[in-house]
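Please open the model in your viewer and keep the selection panel at hand.

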Amino acid sequence: MKDQAYNLRRKMLLTDSVPAKTIAIVSGKGGVGKSNISTNLSILLGKENKKVLLFDLDIGMGNIHILLGSHHTYSIMDYIEEKELEIDTIICENVHGISYISGGNGLKNIVDWQEKQVQRFFEVMEYATHHYDYILFDMGAGATRETLEFLLAMDEIIVVTTPEPTSVTDAYSMMKYIYLRDGEKPFYLICNRAEFKKEGLETITRLQETVRKFLHKEIVSLGVLPEDSAVRKAVINQTPIVVGHPSSDMSLSLRAMVHHLTGTEYQGTKGTGFVKTIRKLFFGR
């Protein structure tokens with residue numbers, strides 16, 4: 001296992017390309033629209049001439065392919081378990097201008113993988129971080145030991161909440177859970193399904209003040225996404241809202257968020273922590 005870690009680290013150091021920026025989209029509870037946001041943000045990043053990979057890690061509940069109106073035969077678990085598959089076999093390319101990878105149910109047992117499975121997983125991660133500008137990870141709701149290790153490896157984390165009190169409480173708990181392991185991890189905050197913009201802004205302000213008071217940390221607001229009937233239509237039609245309804249309130253708000261994300265140059269070396277931190281899950285170093 002140590003030799004495996006050394007070889008991977010050596011490969012990463014020898015590459016000349018700039019690793020992708022990794023962003024996790026998370027929520028404290030389910031049903032807040034996280035996957036919809038992940039899908040549409042990815043497509044809008046693609047429209048900004050970025051090479052984007054959307055990685056579905058909502059284990060057991062993955063629905064990215066449905067939201068994209070796409071179907072792909074293989075998941076990352078197929079690659080991990082079938083040595084004859086090539087990496088590009090599991091990547092579904094050029095779906096509304098982006099690529100995506102389905103997770104597969106076997107990822108829930110990630111900490112119990114054998115050495116060969118671990119190596120196959122790292123091959124995919126290494127390939128992805130050096131072939132894309134952005135990798136967005138649609139994470140499962142809540143936090144587990146496996147989820148935390150992934151989140152700690154990300155460059156940035158987008159937390160999605162709604163104005164509902166339980167959603168706000170769970171969003172704070174999620175941020176606290178991550179903060180206790182890495183107090184420097186950058187957080188962005190989105191309030192989704194706000195009936196009125198004022199309601200959404202008040203929700204974000206309340207969370208910012210709570211985090212500032214108890215965790216002594218600043219979190220950045222990406223803004224408010226309105227309750228929009230076009231969202232339901234887009235899901236039913238299996239066409240992302242920014243594609244099927246580009247002028248809807250939701251699409252315009254998402255576009256503003258993407259400009260916020262890409263408007264300033266990312267500070268620091270992109271992607272330096274992702275593979276390194278994920279490796280700790282398996283190697284403890």
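Across which strands does helix H9 lie? Select residues 197–214: helix H9 lies across S6, S7 and S8, and runs at about 150° to S8. Helices (H or I, at least four residues) and strands (E, at least two) are DSSP runs numbered from the N terminus. Angles run from 0 to 180 degrees between N-to-C directions, with axes fitted to C-alpha atoms, for helices over the stretch in contact.

The model is a predicted one, in which local features need pLDDT of at least 70 and side-chain atom pairs pLDDT 80 or more, while totals for chains, interfaces and linings use all residues. Residues are numbered from 1 along each chain as its sequence is written, and side-chain values use heavy atoms, without hydrogens and water.

Next, display the sheet. It is open, with eight strands in the order S3-S4-S2-S5-S1-S6-S7-S8 and mixed pairing; two strands pair if DSSP finds at least two bridges between them. At its edges are S3 (92–95) and S8 (220–226), each pairing on one side only.

Now select residues 21–27 and 156–161. These strands, S1 and S6, run parallel and are joined by five bridges. Val26 stands opposite Val159 in S6. Helix H8 packs on the sheet and touches S1, S6 and S7 (187–194), contact meaning heavy atoms within 4.5 Å.

Finally, select H8, residues 165–179. Its buried residues (under 20% relative accessible area, 1.4 Å probe, protein chains only) include Ser167, Val168, Tyr172 and Ile178. The buried residues of H8 fall within an arc of 155° seen down its axis, so they line one face of the helix; the arc is that of the directions from the helix axis to the C-beta atoms.

Key:
The expected span of a helix is 1.5 Å times one less than its number of residues. Buried means under 20% relative accessible area, exposed over 50%, partly exposed in between (1.4 Å probe, protein chains only).
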